[in-house]
Amino acid sequence: MPRKFIVGGNFKLNGSESSLKTLVEGLNKGDLDSNVEIVVSPPFVYLDQVRKSVRKDVAVAGQNCYSKASGAYTGEVAAEMLKDIGIEWVILGHSERREIFKETDEEIGQKVAHALQAGLKVMACVGEKLEERESNKTTEVVFRQLAAIAKHVSDWTNVVIAYEPVWAIGTGKVATPDQAQEVHKAIRGWLKEKVSADVAEATRIMYGGSVNGGNAATLAKEEDVDGFLVGGASLKPEFVTICNAKAKM
């Protein structure tokens, strides 16, 4: 069964009530490819606003959640809370969470497990830093991150893997289509060896890292690129172009 192309828009720490209203209006008016699954991820305080105003064929994701359902965890948000207000997805393990907030592989694995248990779908992020790529450690790093997630997952139905080379996030540098395909193929091979052939075939692998309206269609042609996790460009009108990248093929 073919894997449905998926595009996620990670707004990160950006937006206001007014700017997101304008952004949603643009999406609602946009001619979006009906064969693509589209998910947008505003900051927590705007999740409900966006969910209630965006078109029904666009889902909404939290940018993070904690590994506990409730308790004395000041500043955290539970997967159950996201689910309670109608949020379907969550992004976990993003490199900014790993780097800035020092989240470990194990913590991310626990978050993935809890989010799935709570009924959310998960975009689980992996990716290497520039020095790791230059030392030929890309697959070593990515496989380590995958292993920490996989040991907590028994059903992969609601997991999408997002490969985001850290050196390409927000830098304007983009992995070439060949570089992206090489790592995506390796990830699929790892899933086949460590999980199962069926999971490897069915699991979608997104690419993230300075995706924009100019490079999306070329990247989308690669066999193992099943979508995009878009940062800065998701805040611009070109996000519609990215969502329609597969239709141009």
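**Entry 1: a loop residue**

I started at Lys102, which sits in the loop between helix 4 (95-99) and helix 5 (105-117). I kept in mind that this is a predicted model. I looked up the backbone angle next: phi of Lys102 is positive, about 60 degrees, although the residue is not a glycine. Is Lys102 buried or exposed? Its relative accessible area is 60%, and the cut-off for exposed is over 50%, so Lys102 counts as exposed.

**Entry 2: another positive phi**

I went on to Ser210, where phi is near 60 degrees, again a positive value in a residue other than glycine. I found Ser210 in the loop between strand 7 (205-207) and helix 10 (216-220).

Then I checked Lys236, which lies in the loop between strand 8 and helix 11 (238-243). Lys236 has a relative accessible area of 48%, so I wrote it down as partly exposed. I also looked up how far Lys236 is from Gly208: they are 28 residues apart in sequence, and their C-alpha atoms are 16 Å apart in space.

**Entry 3: the largest pocket**

Pockets next. Rolling a probe the size of a water molecule over the atoms shows where empty space is left. The largest pocket holds about 390 Å³ of space. Which residues lie nearest its centre? I noted Lys12, Leu13, Gln63, Arg97 and Phe101, out of 13 lining residues. I sorted the lining by type and got six nonpolar, four polar and three charged residues.

The charged end of Arg97 sits over the ring of Phe101, 4.1 Å from the ring's centre.

**Entry 4: the second largest pocket**

This one has a volume of about 340 Å³. I listed 17 lining residues, and the closest to the centre are Trp156, Thr157, Ala202, Thr203 and Arg204. Strand 6 (159-163) and helix 9 (197-202) each supply at least two residues of the lining. Which element gives the most? Helix 9 does, with three residues. By type, I have eight nonpolar, three polar and six charged residues here.

**Entry 5: ring pairs**

How many aromatic pairs does a search of the whole structure find? The search finds four. I took Phe5 and Phe228 to begin with: their ring centres are 5.5 Å apart and their planes stand at 80 degrees, so this pair is edge-to-face. Phe5 is in the segment before strand 1 (6-10) and Phe228 is in strand 8 (residues 227-230), so the pair ties together parts that are 223 residues apart in sequence. Both Phe5 and Phe228 are buried.

I then looked at Tyr66 and Tyr73. Their ring centres are 4.9 Å apart with the planes at 50 degrees, so I put the pair down as tilted. Tyr66 is partly exposed, with a relative accessible area of 23%. Tyr73 is also partly exposed, at 33%.

**Entry 6: helix 8**

Last, I did a length check on helix 8 (residues 177-194). With 18 residues at 1.5 Å a residue, the helix should span 26 Å, and its end C-alpha atoms are 25 Å apart, which agrees. I also noted which residues of helix 8 are buried: Ala180, Gln181, Val183, His184, Ile187, Arg188, Trp190 and Leu191.

Conventions:
Residues numbered from 1 in each chain as written. Predicted model: local features only at pLDDT ≥ 70, side-chain atom pairs only at ≥ 80, totals over all residues. Heavy atoms only, no water. 1 Å grid on protein atoms, 1.4 Å probe; cavity = no way out; pocket = protein on both sides within 12 Å on 5 of 7 lines; lining within 4 Å. Points joined across faces, edges and corners; volume = space filled by probe spheres on them. Nonpolar A, V, L, I, M, F, W, Y, C, P; charged D, E, K, R; others polar. Helix = DSSP H or I, 4+ residues; strand = E, 2+ residues; numbered from the N terminus. Phe/Tyr/Trp six-rings, centres within 6.5 Å; stacked < 30°, edge-to-face > 60°. Buried < 20%, exposed > 50% of the residue type's maximum accessible area, 1.4 Å probe, protein only. Lys NZ or Arg CZ within 6 Å of the ring centre and 35° of its normal. Expected span 1.5 Å × (residues − 1).
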